[in-house]
Amino acid sequence: MPARKSIAAAAAISRRTCLQGAAAALGYGALAYPLRAEAARPLRKQLLLLFLSGGASQFETWDPKPGVKTGGPFRSISTSLPDVQISELLPHASKILHRLTVVRSVNSNIPDHFQGHYALQSGRIVPGYPVLGSAVAKLLEHADDVLPGYLTIRRDGPKAYTDVGDAGFLGAKYEGVRIVNNQPPENLIRPAAVSSALADAVDRIRKSADERFRQGRDDRPIRAYGATFDQAAALMQRREIFDLSKESASDHEQYGKHEFGQHCLLARRLLQAGVTCVKVTHFDWDAHQSNFYWHQVRCAEFDRTLVALLDDLERRGMLEHTLVVISGEMGRTPQINNLGGRDHWGRAWSVAMAGCGVKPGVVYGATNELGTEVKDKPVKLGDLFHTYLRAIGIDSSAKYEIDGQVNPVADPAAKPIADLLA
Amino acid sequence: MHKQIDALVAKRQAELKITPAAVNSDAKFVRRAYLDLTGVIPTVTQARAFLEDAAADKRQKLIDDLLDSPDYALHMARVFDVMLTERRIAAGGASRDVPQATWRAYLAESFAENKPWDMIVHELLASDGTEEKLAGALKFYLVRDVAPHQLARDVGRLFLGVDLQCAQCHNDPRIDEYLQADYFGIYAFLERIKLHPVTPRGAQLAETAESKTTFVSVFTAESGETAPRLPGGPMLADPELEKGKEYIVKPGSKERSVPAYSRRLKLAEQLPRAQTQGFSRNIANRLWALLLGKGLVHPLDLHHANNPPSHPELLAALQHWLVEHNYDIKGFLREVALSDTYQRSSAAPTNAPQEPPDGAFAVAPLRGLSPEQLRWSLLQATGRTELHYTRLEAQASKAEPMPAAAPEPAWKVKAARNEALERQTASLIAAFAGLPGQAEAGFQPVVDQALYLRNSSKFLPLLQADPGTLLARLNSLTDAGPAAEELYLSVLSRKPTADEAAEVGRLLKAAKTSAERGEALQALLWGLLLSAEFRLNH
């Protein structure tokens with residue numbers, strides 16, 4: 001390990017540079033995220049994680065095994081890729097499979113919700129590391145950012161394993177800001193009892209006090225604190241980014257008026273506004289009973305919305321700089337239990353990707369005939385994490401240098417999957 | 001010992017060729033000392049009294065007074081509550097937990113009595129929920145759902161200063177193996193316990209008499225087997241018991257199972273001792289960080305070969321002092337607070353490079369107030385605390401005199417008086433506290449908190465000019481000069497500079513009506529409450 005002091009100094013300097021930039025950007029906060037046509041610099045890479053919480057069955061989605069004892073009742077259907085079939089529960093996706101990247105050989109070996117949520121999002125088994133959204137928010141941060149880098153969208157309700165400790169050692173700034181039931185963060189509106197003159201006066205007094213206080217002091221925490229008020233002002237001013245009534249009726253229709261459709265529409269709106277990373281959680285895949293009924297219900301919702309979302313991102317030119325990742329915390333067992341369910345399973349299952357940095361139309365790896373083992377090109381969860389980062393232009397062999405501690409961004413024992421990267 | 005602290009810190013500064021900042025002014029000292037030792041800024045009266053006191057030994061006297069106050073015990077209870085539970089919530093809900101008030105009372109009583117640290121740790125580990133006096137202490141197990149893995153990790157982190165699952169130390173495979181065996185050594189003490197919830201008095205711990213701890217390295221797939229063992233210590237084999245005599249209460253009955261030999265009680269007996277590697281060092285380091293903002297080993301739970309202490313000799317001296325003085329927490333904090341090292345200014349000397357050197361303790365760090373310090377300081381600055389106490393006293397004097405009972409300890413009286421204020425400001429803790437299960441890190445302000453302080457309907461009532469509050473006092477002062485002084489002393493525990501007094505004067509002069517004047521004063525108060533100078537301990 002390199003000497004502590006120099007690392008700490010380097011980290012300190014980069015933090016400071018970043019914060020000075022934040023202060024400089026105040027004058028044009030509203031313009032910090034111009035629409036695409038007006039963008040002056042290359043567009044930031046972005047990431048959208050669609051998380052299938054509970055664990056979707058690979059058999060009923062990307063890796064069907066019709067006609068064998070583990071295969072279940074559904075047929076497989078042809079896709080836009082020659083010789084590739086997926087489950088009949090994904091008819092819309094089957095038509096655009098040439099635009100997707102599917103991995104059929106994931107062996108994460110974690111049949112547990114809690115561990116799986118953390119491990120599949122952080123690319124690690126050992127605790128304490130940031131999840132994908134927090135990591136990407138940090139690694140793609142710009143000096144003049146005012147919006148939070150990572151937002152998570154989910155419904156209210158099961159809390160237990162959906163929000164794992166997110167930012168790890170990156171700290172609170174990179175925690176996902178939670179949007180529950182599409183409600184914007186609290187306190188975005190100035191109360192009626194507070195006049196704008198009063199609010200402005202408070203702000204001026206605060207700023208002049210900070211200007212005096214910072215003289216002669218380490219001003220990083222002072223600036224960091226001041227920056228949160230600038231971010232608050234930016235969010236208050238731009239709270240329409242949470243307002244789905246601004247979206248067209250046809251977009252509402254295309255995405256679907258159900259919860260997941262609406263959450264994906266908000267995700268697109270937030271990405272468009274310049275948020276680096278958004279996670280949408282789709283629930284109820286944990287089908288220990290009536291697996292086939294549940295997958296019909298879940299897939300119907302997911303399939304159509306996914307394709308509407310990808311079409312919309314493509315039409316708007318966003319897909320070229322946005323990676324979409326479709327993953328849960330695990331797959332489901334080949335064995336069908338006596339309640340018609342499939343249980344927790346991590347040894348051989350599938351994830352999919354689309355958009356920025358990945359090769360479209362690739363179906364990577366394979367499971368054996370019964371789907372019980374990976375038989376070709378096994379992929380570890382750390383490999384996936386490396387691949388996601390590389391797809392959006394992040395050097396996954398880089399290291400964080402924070403508070404004197406050096407930590408690899410991605411597990412050094414894993415590596416990106418070259419065949420998947422565009 | 002405070003002289004030794006200064007000498008050892010100075011020695012390191014000389015090696016690094018660093019000039020330390022000057023010792024801070026009385027005004028800076030009084031705010032910092034109140035915040036660190038009682039968890040709240042001084043009242044305007046307390047600040048004024050200290051500044052006007054001409055005695056040469058007034059700092060020492062203040063430190064002693066604060067350490068003897070009931071607020072010290074309440075503050076330490078809050079600090080150790082957060083340190084020991086990390087704001088976790090028991091997964092099974094209230095029926096599988098002890099009430100927060102019971103736990104806080106256990107801690108407050110412990111700190112009020114200045115219970116030695118080794119005894120506190122013993123009680124936390126030995127408590128099983130059957131003894132009324134230690135009911136609160138069971139919290140340590142219960143907020144971790146009596147889960148042996150979580151407990152093993154946190155016993156290492158919180159009591160020995162080593163994160164045995166530490167992801168950060170995996171560069172060196174030799175350290176890996178060493179850690180993993182240590183981890184499972186602690187785990188073996190704890191793996192036989194489980195929650196026994198079905199008693200009217202609340203949750204209790206049950207324990208079995210058999211198990212065998214095996215582990216497989218996630219790194220090398222090597223496996224091992226271990227008996228209970230503390231890091232650096234010998235394996236503690238279970239005593240041979242006659243067949244059929246393994247239990248005092250056998251499992252399977254309605255009663256909790258109690259083994260004849262309890263590994264958990266063995267841990268409670270063996271761990272809190274000077275011989276245990278890391279035990280004294282950990283608490284010395286944590287108490288140091290409480291006052292100096294940063295551990296000598298930093299992060300606090302990451303002591304290992306690649307992360308040595310910044311001042312090894314000093315850390316050794318501090319831990320030696322603790323052992324010699326029977327883990328006297330209050331005495332330790334007193335020594336540190338008396339040192340010049342603690343009393344440095346947060347402004348660097350004018351000729352120094354701008355970047356303060358890391359961990360040299362040459363300049364006082366800027367530390368964020370904890371959510372609890374922020375709550376009590378906001379209530380204090382706005383005059384809400386005093387107003388509340390005045391109302392309580394008025395009620396008490398009207399009420400029928402109570403029959404004389406045994407006098408309650410001062411911390412208990414104060415805790416009861418504070419209850420309503422805590423309820424009123426619960427939203428503030430929710431907005432400022434970190435996620436459950438995450439150790440409190442350094443100052444990490446986030447946007448939701450700024451939104452809360454600007455717009456929350458739960459925060460704004462603190463800024464109303466009710467009779468008896470700071471704003472009401474300011475409204476009644478006709479001259480700008482005294483108003484500026486009252487404002488700055490109340491909020492920032494210091495007098496305003498000429499510039500600041502002039503700013504107040506300008507704003508008040510511009511107000512044409514009394515309503516406008518009231519709004520200008522509200523803006524001044526609110527603006528200062530949102531300033532970094534208020535938000536930070538400096």
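User: In which strand of chain A does Ile179(A) lie?

Analyst: Helices (H or I, at least four residues) and strands (E, at least two) are DSSP runs, numbered from the N terminus. Ile179(A) belongs to strand β6 (residues 177-180) of chain A. This is a predicted model, in which local features need pLDDT of at least 70 and side-chain atom pairs count only at pLDDT 80 or more, while totals for chains, interfaces and linings use all residues. Residues are numbered from 1 along each chain as its sequence is written, and chains are lettered from A and ligands numbered from 1 in the order in which they are written.

User: Is Ile179(A) buried or exposed?

Analyst: A residue is buried if 20 or more other C-beta atoms lie within 10 Å of its own, exposed if 12 or fewer, and partly exposed in between, with C-beta atoms placed from the backbone. Ile179(A) is buried because 21 other C-beta atoms lie within 10 Å.

User: With which residues is Ile179(A) in contact, leaving aside its neighbours within four places in sequence?

Analyst: Two residues are in contact if their C-beta atoms, placed from the backbone, lie within 7 Å. With those neighbours within four places in sequence left aside, Ile179(A) is in contact with Leu151(A), Thr152(A), Ile153(A) and Leu266(A). Leu266(A) is 87 residues apart from Ile179(A) along the chain, and their C-alpha atoms are separated by 9.8 Å.

User: Why is strand β5 of chain A largely enclosed by the rest of the structure?

Analyst: Strand β5 (residues 150-154) of chain A is largely enclosed because 5 of its 5 residues are buried. Tyr150(A), Thr152(A) and Arg154(A) cover one side, and Leu151(A) and Ile153(A) the other.

User: In which sense do β5(A) and β7 of chain A pair?

Analyst: Two strands pair if DSSP finds at least two bridges between them. β5(A) and strand β7 (residues 277-282) of chain A pair in the parallel sense, over 4 bridges. Within β7(A), Val280(A) is the bridge partner of Ile153(A). β5(A) also runs parallel to β6(A), joined to it by 4 bridges, and there Arg154(A) stands opposite Val180(A).

User: How many residues does the contact take from chain A and from chain B?

Analyst: The size of an interface is often given as the accessible area lost when the parts come together. Here the count is of residues: the contact takes 47 residues from chain A and 47 residues from chain B. On the side of chain A that touches chain B, the largest share, 10 residues, comes from α6(A).
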